[in-house]
Amino acid sequence: MAVETNPSDVAKTATGRGHGGQPPAAPGGKPRRKVGAGAAAYLLLVPALAVTALLLGYPLVKNGMLSFQNLNMGQMIRHATEWNGFKNYTEILGGEDFWRVTVRTVVFTGVNVALIMLFGTLIGLLLARLGKRMRLTLMLGLVLAWAMPVVAASTVYQWLFASRFGVVNYVLDKIGFHSMADYNWTGSQFSTFFVVGLLIVWQSIPFVAINLYAATTTIPKELYEAASLDGAGNWKSFTQVTFPFMRPFLYATTFLEVIWVFKAFPQLFTINEGGPNRLTETLPIYAFVEGVGNQHYGMGAAISLLTILIMLGLTSYYLRIVLKQEEDEL
């Protein structure tokens with residue numbers, strides 16, 4: 001059945017669409033753009049931006065305002081605002097305590113992140129080689145360790161390393177280390193950092209291991225077969241096949257672990273509150289002790305802002321190194 005087409009209708013349609021079927025041009029000769037399509041994309045971002053500004057922006061601005069005030073319990077009771085300019089910052093940056101704590105925090109972060117990435121990578125590679133049952137059992141243990149609340153895990157470690165009734169001292173005494181029967185693990189700087197570092201590494205390894213195991217599942221098996229045909233051993237297969245695929249995951253995971261370890265607070269505070277003699281204070285603990293503990297809230301706010309700036313500097317430096325390496329590879 002033929003369909004008759006009126007030539008006049010075709011001409012009207014062509015005229016309405018313009019030459020070549022394009023939308024009609026604007027008075028200036030340029031094709032008209034749909035304003036609503038571009039605006040809709042920005043409107044979809046409004047809820048997320050509003051929530052971010054409310055939950056992150058307001059506390060950050062409020063904290064910044066407090067850092068320029070001399071605020072203690074007396075001012076809070078009287079509802080008095082005493083501005084002191086940059087006095088808090090000059091006092092902090094001019095003293096030795098802040099720089100000592102900063103160096104301690106950077107070293108603490110670097111050592112723990114290195115251990116986390118080393119053991120997490122090894123366990124991730126182990127997961128890729130295990131059978132289904134053993135892999136499921138190991139992943140279940142990793143998830144349970146990862147899902148344990150930080151304060152609960154810190155309390156368990158307090159019990160494990162207790163000086164009188166701790167399981168660790170009991171086991172060490174039974175296997176022949178009798179001098180460790182009543183050893184105080186939180187009595188020195190090194191031993192306290194050892195316990196806290198062990199806790200942080202134990203809780204962080206599951207995240208790294210599971211991520212890197214997921215990365216190994218994306219590697220085509222044909223590449224391993226080709227490497228074996230070329231006579232490559234296990235080490236060469238890892239360096240030539242596995243590691244290049246895992247590199248982006250290693251970069252991203254290391255970046256996240258640096259942030260997580262740098263701002264670690266519950267572990268250090270629960271184990272020994274930054275002691276003994278404030279020798280295990282990192283920047284988050286230092287800001288809390290000076291702000292809330294000593295009731296110098298303006299000083300604590302200034303330290304917290306400086307902590308954020310230092311973290312941003314470290315992470316931006318790391319990202320610059322990563323981006324430079326990726327550009328060199330291209």
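**Ground rules**

I am working from a predicted model, where local features need pLDDT of at least 70, side-chain atom pairs count only at pLDDT 80 or more, and totals for chains, interfaces and linings use all residues. Residues are numbered from 1 along each chain as its sequence is written, and side-chain values use heavy atoms, with hydrogens and water left out.

**Entry 1: the overall fold**

I started with the secondary structure and found 14 helices and zero strands. Helices here are DSSP runs (H or I, at least four residues), strands are E runs of at least two, and the numbering goes from the N terminus. Of the 330 residues of the chain, 31% count as buried. For the record, buried means under 20% relative accessible area, exposed means over 50%, and partly exposed is in between, using a 1.4 Å probe and protein chains only.

I then looked up contacts, meaning heavy atoms within 4.5 Å. Among contacts with a separation of 6 or more, 65% are between residues 24 or more positions apart.

**Entry 2: α9 and its neighbours**

How do the axes of α5 and α9 cross? They come within 6 Å and cross at roughly 40 degrees. The axes are lines fitted to C-alpha atoms, for helices over the stretch in contact, and angles run from 0 to 180 degrees between N-to-C directions. The pair is therefore oblique. On this scale, angles under 35 degrees are roughly parallel, over 145 roughly antiparallel, 65 to 115 roughly perpendicular, and the rest oblique. I noted the crossing of α5 and α9 as right-handed; that is, the near helix is turned clockwise from the far one by less than a right angle, with anticlockwise being left-handed. The residues in the contact of α5 with α9 divide into 18 nonpolar, eight polar and one charged. Nonpolar covers Ala, Val, Leu, Ile, Met, Phe, Trp, Tyr, Cys and Pro; charged covers Asp, Glu, Lys and Arg; the others, Gly among them, are polar.

Next I checked helix α7 (residues 150-160) against helix α9 (residues 189-216), whose axes come within 11 Å and cross at roughly 135 degrees. These two are therefore oblique as well, and their crossing is right-handed. From α7 the contact uses Val150, Ala153, Ser154 and Tyr157, and from α9 it uses Val195, Leu198, Leu199, Trp202 and Gln203. I sorted the residues of this contact into seven nonpolar, two polar and no charged.

**Entry 3: the nonpolar cores**

Which residues touch the most other members of the largest nonpolar core? In this core of 29 residues, they are Phe108 and Ile200. A nonpolar core is a set of buried Ala, Val, Leu, Ile, Met, Phe, Trp, Tyr and Cys residues joined through side-chain atoms within 4.5 Å. Two or more residues each come from α5 (96-129), α7, α9, α11 (234-262), α12 (266-272) and α13 (283-293). The biggest contributor is α9, with 11 residues.

**Entry 4: the loop between α12 and α13**

A reminder to myself: most residues other than glycine have a negative phi, and most peptide bonds are trans. In this loop I found Pro276, which is joined to Gly275 by a cis peptide bond with omega about 0 degrees.

Asn277 is in the loop too, and its phi is near 55 degrees, a positive value in a residue other than glycine. Asn277 is exposed, at a relative accessible area of 70%. Arg278, also in the loop between α12 and α13, has a positive phi near 60 degrees. Is Arg278 buried or partly exposed? Arg278 is partly exposed, with a relative accessible area of 36%.

**Entry 5: α13 and after**

Eight of the 11 residues of α13 are buried, so this helix is largely enclosed by the rest of the structure. I listed the buried ones as Leu283, Pro284, Ile285, Tyr286, Ala287, Val289, Glu290 and Gly291. Just after α13, Gln295 takes a positive phi of about 60 degrees.

**Entry 6: a look at Asn234**

Asn234 lies in helix α11 and counts as exposed at 62% relative accessibility. Its C-alpha atom is separated by 9.8 Å from that of Tyr224, 10 residues away along the chain.
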